[in-house]
Amino acid sequence: MSLRLEPREHAPLGLRLLVSLLAGAIALLFVAIPVMAAGANPCEAYVLMAQGAFGSMFALSETLNRATPLILTGLAATVAFRARLWNIGAEGQLYMGALAAVLVGSGFLQLPGPIMIPAIMLAGFLAGGLMMVVPTMLKQRFGADEVVITLLLNFVVILFIQMLIEGPLKDPLSMGWPQSVPLLAEAKFDKLVPRLRTHWGLIIGLVSALLLWLMVKKTVLGFEIKAVGENKPAARFAGIPVDATMLKVALISGGLAGLAGVGEVAGVKGYLSADLSPGFGYSGIVVAMLAGLSPIGSVLAAIFIAAVFVGADSMSRATGISNYLADLVVALSLLCVLVGSFFLRFRLAPANPKVEA
Amino acid sequence: MTSHTPLLSLTDITKRFGTLIANNAISLDLHQGEILALLGENGAGKTTLMNILFGHYVQDEGTVRVAAGGDVMTTLPPGSPGAALAAGIGMVHQHFTLAENLSGLDNIRLGTEPLLSFGRRHAARAKVEKIITESGLDVDLDRRVDGLTVGEKQRVEILKALYRDARVLILDEPTAVLTPQEAEGLFAVLRRLAANGLGVIFISHKLGEVLAVSHRIMVLRAGEQAGELVTAQADRRAIADLMVGKAVAEVTRTPGARGRALVEFQSVSLGKPGHRAALHGVSFDLRAGEVVGLAGVSGNGQSAIAALISGLAVPDSGTMRLYGDPVTRADPRRLVAAGVARMPEDRQHDGVVGTMSVADNIAIEEVRSPGFSRYGFIDAKAIRARATAAIAAYDVRCPGPDAEARLLSGGNVQKLILARVLERAPRVILANQPTRGLDIGAQAEVHRRIIAARDRGAAVLVISEDLDELFALSDRFLVIHAGEITDAGPAETLDRATVGLLMAGQTHTPETLAS
């Protein structure tokens with residue numbers, strides 16, 4: 001009996017959850033092959049990974065610490081992709097957010113803590129947002145492709161940051177390391193638990209997810225973003241200001257990525273360097289896709305991806321298998337979820353049901 | 001003319017989509033040399049039935065059988081377009097499936113031959129030319145399809161089916177895209193094909209053409225077989241009642257009380273000067289309590305007028321006034337708030353967001369107004385309540401206010417738009433192609449609503465390519481040609497011929513022409 005595809009009228013929540021979970025599980029199954037090739041037992045390797053990610057307070061803290069920027073870059077991709085604005089530039093926006101935080105928070109302004117922290121967050125949000133607003137305006141004015149512009153801007157931004165931390169922003173006390181002047185103590189995020197690295201950025205990420213969920217579900221802006229994303233001509237005809245709505249989306253999307261950068265500087269490193277992000281911006285796209293563009297789902301997906309990275313590091317130390325495995329898991333789960341999203345739109349039905357002649 | 005065994009036999013076909021029964025135990029036979037019309041309103045199940053026959057859908061119950069020589073009939077495996085093609089069933093869809101950048105001949109051959117087929121082109125051409133001579137389907141085979149007219153493209157589609165040795169030809173709403181002259185040509189071809197032994201199934205919701213071309217009529221209504229009759233003995237009125245299941249009230253228009261001008265165009269120009277679809281200094285007004293019909297061949301500036309009244313554009317020069325005040329900003333929201341109701345020309349494309357709910361689509365124009373939102377937050381309850389009431393009042397057939405709008409048929413999308421724009425008791429109404437693609441039941445409903453709004457004192461502009469519709473609705477005619485408007489005067493003083501001449505750009509009346 002052969003099978004055929006039929007379009008679905010709608011995909012229930014349970015099915016969408018199942019697709020995301022299966023995508024992660026199948027990615028882990030595939031990665032078992034190279035693990036075996038490296039001479040290790042995949043079951044043991046995954047148990048070690050799970051222990052490395054969740055096995056202790058320290059492990060859990062490291063995972064959540066890693067998840068913090070991923071939540072925000074995941075939300076950045078979520079809000080943009082919902083409006084069919086393809087923001088591939090979260091990495092650059094993250095760095096610009098981090099740069100703005102350093103510019104405002106490293107002594108150029110003298111502010112008390114309760115004002116300083118909102119100030120660097122606002123600066124980071126605006127800097128990241130601007131990095132997405134400009135490409136969106138170019139798209140509206142000249143029809144320039146935002147995928148190409150935002151993707152390539154990532155490299156431009158990194159070079160710009162390198163120039164700054166080798167030059168005007170270089171920390172004179174860094175013994176020659178390419179890093180910026182540090183943030184003032186007032187500008188740094190507090191840790192959530194003493195002696196563990198998880199910081200207030202996590203709370204910012206969770207609150208952002210809640211706010212974004214609220215915006216998507218309950219607000220006029222969310223309504224308008226959906227209309228613009230799903231059918232621009234109809235939105236325009238109905239009187240929704242299409243260009244203005246897209247610019248709001250761009251500001252929010254870039255801004256969230258910028259906040260991720262603020263969190264990394266103010267919560268983890270304390271200064272800006274060119275290795276601030278190991279691709280958090282790009283992984284945010286995977287987070288958003290794994291979550292099916294759901295803001296709340298993005299939190300869970302970010303924790304999953306973070307756990308894979310943190311767990312792989314720990315497993316690597318124990319078994320000697322390269323921690324590049326984590327990249328493999330993340331890449332494969334993206335591919336699996338793309339395949340899975342196909343099954344959210346179509347169902348498999350038997351092509352030749354038995355029919356009485 | 002007909003042999004004993006049918007060419008094609010459908011028995012007790014049932015198809016359900018969720019709780020909706022699209023086809024309920026439908027049976028039909030098609031004989032050689034016969035033109036069978038499948039008549040029904042939008043959503044009656046005509047297209048579903050044909051998609052089952054062609055293998056695009058799998059039926060839940062019932063069988064499709066085709067003649068296999070002699071008196072033998074074989075069962076067609078469900079869900080296999082390949083098997084349907086092999087059995088000699090050819091289908092011409094409403095939306096053509098041609099490769100625009102290939103010639104007519106290559107489109108006809110496409111899919112029937114292996115990739116490397118040296119020297120077969122000649123044989124193919126000979127076969128197609130033979131079919132053309134036999135059928136009268138005249139087409140330039142060497143011209144690229146994108147250079148063909150709609151009528152010619154349709155002929156290529158039919159040739160494509162015949163080239164594959166179709167014994168049964170299915171045409172889905174074939175005249176929807178044709179001019180009256182082209183439709184006549186198509187009917188002549190179909191009669192000739194039937195005379196040569198082909199069986200034809202003709203899907204339509206237009207009574208007139210069904211009576212003109214078919215031998216036998218099967219009427220579907222809401223998925224049920226409502227009746228089957230021989231065309232020669234059929235009565236127009238009786239068929240119409242069969243289709244809609246109740247007597248259709250014709251719209252009766254009584255002259256209205258003409259009030260003050262609500263919309264005024266004063267030497268309005270918009271678009272590239274000299275371009276046919278641009279406006280060149282047009283002046284007219286729309287008055288309260290009056291339906292103005294804008295007649296014209298499509299692409300002569302109607303879209304520009306619609307864009308102006310919809311608030312999507314402002315004049316390049318000249319003035320458009322609403323209630324006496326010039327409109328200086330392209331802002332649909334302000335026009336909506338000022339009481340302008342707008343029905344878009346392409347209702348599926350511009351009228352609804354398919355993936356949003358029926359309720360959201362009803363609220364979409366006014367989502368920022370206090371009735372539907374507060375402090376930037378959506379009042380989902382109010383939106384839903386309004387939708388529930390509108391669905392009942394405007395008879396929008398849908399699973400409920402939360403159903404996605406893409407699941408609605410064309411007629412129901414138009415009812416949804418009516419519910420959206422008329423519920424506010426608008427003062428100005430733009431009805432752009434208000435009934436294009438709608439069945440007679442839905443058409444009458446839309447017309448009734450438009451006349452009712454006029455009687456309430458609204459100024460109405462109807463843009464339509466259907467002269468019958470314009471004559472049924474309009475108090476006064478404007479005719480547009482190459483971006484210029486002629487006021488043709490009250491409808492009572494006009495006939496189709498006069499309007500037709502004005503549409504063709506002839507500014508003289510027939511009398512002055514004759515002299």
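In chain B, four strands form an open sheet in the order β2-β1-β4-β5, with antiparallel pairing. Its edges are strands β2 (20-30) and β5 (73-75) of chain B, each of which pairs on one side only, and the twist from one strand to the next averages 25°. Helix α1 (residues 46-53) of chain B packs on this sheet, where it touches β1 (8-17), β2 and β4 of chain B, and its direction makes about 115° with that of β1(B). Strand β4 (residues 61-67) of chain B is joined to the antiparallel β5(B) by 3 bridges; Ala67(B) has Met73(B), in β5(B), as its bridge partner.

Confidence is highest in strand β20 (residues 459-463) of chain B, at 95, and lowest in helix α18 (residues 510-514) of chain B, at a mean of 45. Over residues 509-515 of chain B, pLDDT stays under 50, and the model has 5 contacts beyond four places in sequence for this stretch. Where pLDDT is low, predicted coordinates should not be read in detail.

The largest nonpolar core comprises 154 residues, and Ile120(A) and Leu272(A) have the most contacts inside it. Helix α10 (residues 242-269) of chain A gives the most to this core, namely 12 residues, while domain 2 (261-352 + 408-514) and domain 3 (356-405) of chain B each supply at least three. Among the residues that Leu272(A) touches are Tyr95(A), Leu99(A), Ile161(A) and Gln179(A). A second, separate core of 43 residues includes Val145(B), Tyr163(B), Leu171(B) and Val200(B).

Methods: Residues numbered from 1 in each chain as written. Chains lettered and ligands numbered in written order. Predicted model: local features only at pLDDT ≥ 70, side-chain atom pairs only at ≥ 80, totals over all residues. Heavy atoms only, no water. Pairing = 2+ DSSP bridges. Helix = DSSP H or I, 4+ residues; strand = E, 2+ residues; numbered from the N terminus. Axes fitted to C-alpha atoms, helices over the stretch in contact; angles between N-to-C directions. Contact = heavy atoms within 4.5 Å. pLDDT = per-residue confidence, 0-100. Core = buried A, V, L, I, M, F, W, Y, C linked by side-chain atoms within 4.5 Å. Buried < 20%, exposed > 50% of the residue type's maximum accessible area, 1.4 Å probe, protein only. Domains from an automatic or database assignment.
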